[in-house]
Amino acid sequence: MNSPQLVPGTKLGAPLNDLFGIFFEDINHAADGGLYAEMVQNRSFEFAPIDNETYQPTTAWKLSDPASLKVTDKDSLNIKNRHYLEVNAQQDVDITNLGFNRGMYIEAGKRYHFSFFVKTLNGRKNVNVHLTDKVGNDVAVPTVISVESHQWLKYTADLDGNQTTTEGRLTLKFEQGTHLLVDMISLFPDDTFNHRPNYVRKDLGETLKALHPKFLRFPGGCLVHDGQLDPDDRGSMYRWKNSIGPVEQRPARRNNWGYNQTLGLGYFEYFELSEDIGAKPLPVLPGGYDPHHDREAPIDQLGEWIDDALDLIEFANGSTATKWGKIRANLGHPKPFNLEYLAIGNEEVGQAFFDRYPYFHKAIKAKYPEIKLINTAGPFAAGKEFDRGWKSAQDNHSDLVDEHYYMDPEWFLANQHRYDSYDPNGPKAFLGEYASKANQWYNAVVEASYMIGLERNADKVGLACYAPLFCNVDYENWGTDLIYFDQKEVSPTVNYFVQQLFMKYQGTDNVYYQLKDLPKAKVVDDQPIVGKFFIQGDKARAKFENIVLDDGHQKQKFGSQTVDHEEKIELGSTDATDYTITFDVTKTDQDSKGTHFCFGQQESDKWFVWILGG
Ligand code: AHR
């Protein structure tokens, strides 16, 4: 028996627009010790137990003589960067940074940019800078920096690797009698992604670009809203204004995933990254509410949070004549970043958020009606809260609503038709985080089939991105991720290749298909058995139009048929052995859950049925 074939019809369905993108959050050391190319861990001695109970100011450093080397904060580099190392060498001393993972990946033939802030307290002094392997042998030509400034000053030097190691270290050596202060000790490879300073690891940046994402959601996740209300608090929520400008003036913050976040990779870099990988930026701002600790800004003090949103839009899109547009230009990007999407809140549970969202919405839409605003429905598992998010989105006319779910593959299979019944006239769904909880072939195939359902429903699903994106293999917070890496290598998962397939080859529009080359009527004793044809809806109502049965002698036209749920409609019959049948499927019922339909042929009391995706 032949298989029926689907061939493109003439009707266009919903455009796919920006459907498939990526979501970056600094979880699993995705930024610090990951995408951010900084090779020194704890470069400004800001690590503290608030980040992680095992941390202290010299975490990741080895001090040869603790009596001569002390972290203090009496004469800070600036008020945002309080701690520094005082070197008061009673003998020749050295400090060594261990990097992330098991050490730094240093390659022969590559150049590394070293820098630090330093001031001498007792005249000109030399600092010897070495890149070594784990037993202290040089793997780059060492350099000497002569420090003579009595004010904090940045010094730089280039180091050329001449041996390769994955367990490299950075060592600074000070001679006896040296008395100076050091801070922001930094090492970057020369070959960052797109050769930008203070930027992204080349291999990881290229891995993102190769996905061809349509958008980049950043910077979190729970990372955004888990924290204190005061932006100057070490444990504050992610406040974007803290993350731009000179890196030494960005305050280190507690990362809720149990480590320290330097904010070296900040909003300006995320906007640049979006541009570099061809993705639209999609920032997520806190809504003045922390659902993890049920902590909220009083409604009459929401102004500063709303201003953060308005200022961010001006920072991204404003002309250089505006305050924030000028700041962007001064950072090196006079052209706007063309921000289109902005999310307020992430996975919010709690009425307090929904009491506050309307204030953001009204203020932003009043000034920037063109910005597509994303409300949040919280984690799917939150049940009722999820409905509250959708209601808020409908009441406020949000453009999109962020849904999150991490479920078993069986759930994804059973819910292929989740979005069939969503209202194309309401806010669109933004599937801002999802995964079927394993990096196995089976899961990847299940995710692919689910993504077909997202494509099919592009009139109801606006955006979708897998989560989490990155995991440093030595610092796993979350079990299933898209891309694994260590200090040297990148290992995209099978799920990555599914995402890539859908992003790289994302179509522009849904196209309705026609059914052709149906199986021929069966011939018994030289007599064809009459072929009877029917269409049967499966759970859904579907409208079939332009149905034509062509057996070579005549074209039988059946006009339009609406198939309601389990109803079976007989179209007609032919005793020809050679025929085609064509039709367009144009509509499905929004209330029903599925859009499967069947095409069948009857042979005596047996039906041969082909189930076609709707
Ligand atoms: O993707 C990991 C986390 O899952 C996100 O931070 C959060 O939004 C969700 O709970």
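## Domains

Domain bounds, as used here, come from an automatic or database domain assignment. The model is a predicted one. Its chain is assigned to domain 1 (5-13 + 511-612), domain 2 (17-33 + 192-507) and domain 3 (38-189). Between the C-alpha centres of domain 2 and domain 3 the distance is 34 Å.

Contact between these two domains involves 21 residues of domain 2 and 24 residues of domain 3. On the side of domain 2 that touches domain 3, strand S15 (253-255) and strand S16 (259-261) each contribute at least two residues. That side consists of three nonpolar, eleven polar and seven charged residues.

In soluble globular proteins, nonpolar side chains tend to be buried together. Here the largest nonpolar core comprises 131 residues, and Ile22, Val182, Leu216 and Leu469 have the most contacts inside it. Strand S13 (residues 179-189) provides the largest share of this core, seven residues. Because domain 2 (17-33 + 192-507) and domain 3 (38-189) both give residues to this core, it lies between them.

Leaving aside residues up to four places away in sequence, Val182 touches Tyr84, Leu85, Val87, Phe116 and Val118.

## Helix H10

Helix H10 (residues 441-456) has 16 residues, which at 1.5 Å a residue should span 22 Å; the end C-alpha atoms are 23 Å apart, so the two values agree. Buried residues in H10 include Asn443, Glu447, Tyr450 and Leu454.

## Ligand surroundings

Around the ligand there are 13 residues, of which Gly221, Cys222, Glu347, Ala467 and Pro468 come nearest. The shell is made up of six nonpolar, four polar and three charged residues.

Terms used
Residues numbered from 1 in each chain as written. Predicted model: local features only at pLDDT ≥ 70, side-chain atom pairs only at ≥ 80, totals over all residues. Near = placed C-beta within 6 Å. Nonpolar A, V, L, I, M, F, W, Y, C, P; charged D, E, K, R; others polar. Core = buried A, V, L, I, M, F, W, Y, C linked by C-beta atoms within 7 Å. Buried ≥ 20, exposed ≤ 12 C-beta atoms within 10 Å, placed from the backbone. Helix = DSSP H or I, 4+ residues; strand = E, 2+ residues; numbered from the N terminus. Contact = placed C-beta atoms within 7 Å. Expected span 1.5 Å × (residues − 1).
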